[in-house]
Every structure is written in structure tokens, then in C-alpha cells.
Amino acid sequence: MKLIIAYIRPEKLNDVKQALYAKEIYSLSVTNILGSGRQKGFTETYRGVQMEVNLLKKVRLEIGVNDEFEAKAIDAIRTAGQTGSEGDGVIFVTELAKALRIRTGEDGIL
């Protein structure tokens, strides 16, 4: 089992969700976050005061999958989330030791 964590642009969330659904991956968690990376932010003027915005809005996806769905999920996120410019995001894949369903106590539910 794998845990896939992806940071993507907020405007690409619907495209990524649709791509995951097309690959029969329906279970995911979505969190709105702020972060910085190579994009480094931008400068804007608010009520005459110059402000540096270096934490940009991103969306964090967490998806637990069986090993057979790992490549499908990564491909869906990468192709649907890509714009070709800096700040498209990043994907992390880690081993998931165990998954339990709270309601029934089932083990290895992914």
C-alpha cells in the first residue's frame, strides 16, 4: 500500500479529480494550504502599501492506494495538474504500513 501526497494548484483540483475518477480512484482527502517553493511568491500593492506575498495558495491531496493503483494515480495527477509553468506542484509517495476501517475494523482496506 502507498500513500500519495500531492501539492497542486487550486484551479487544477477539478481536472485532477476527474482524471483520478477516470482511473477508478475515488477515495481522496483534500486540504487547502499555503506554501512556498521555487515560485517564491509575488509583490502586490494593497491600499497603497507594498506587500510581499511569499506563501501561495495550494491544494494538498492525500490518496491511499494499493500498489497496483500507484502508477495510475501518479499519472492522473501529473497529466491533469500540469500547466507547464513553475508552481505546478509536487508528488510524494510513501509506504503505508496499515489501513483500518473504523466502522468495521477491516484491515488492509485499500
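Predicted model: local features only at pLDDT ≥ 70, side-chain atom pairs only at ≥ 80, totals over all residues.
Local features were kept at pLDDT of at least 70 and side-chain atom pairs at pLDDT 80 or more, while totals for chains, interfaces and linings use all residues. Residues are numbered from 1 along each chain as its sequence is written, and side-chain values use heavy atoms, with hydrogens and water left out.

Helix α2 takes in residues 67-81; helices here are DSSP runs of H or I with at least four residues, strands are runs of E with at least two, and both are numbered from the N terminus. Its 15 residues should span 21 Å, taking 1.5 Å times one less than the number of residues, and the end C-alpha atoms sit 22 Å apart, which agrees. Ala73, Ile74, Ala76, Ile77, Ala80 and Gly81 are buried, that is, under 20% relative accessible area, with exposed meaning over 50% and partly exposed in between (1.4 Å probe, protein chains only). Down the axis, these buried residues fall within an arc of 165 degrees, so they line one face of α2. The arc is taken from the directions from the helix axis to the C-beta atoms. Over on the other side, Glu68, Ala71 and Arg78 are exposed.

Two aromatic pairs turn up in the structure. In one of them, the rings of tyrosine 7 and phenylalanine 92 have centres 6.1 Å apart and planes at 80 degrees, so the pair is edge-to-face (centres within 6.5 Å make a pair; planes under 30 degrees apart are stacked, over 60 edge-to-face, the rest tilted, for rings of Phe, Tyr and the six-membered ring of Trp). Tyrosine 7 belongs to strand β1 and phenylalanine 92 to strand β6, so the pair ties together parts 85 residues apart in sequence. Tyrosine 7 is partly exposed at 22% relative accessible area, and phenylalanine 92 is partly exposed too, at 43%.
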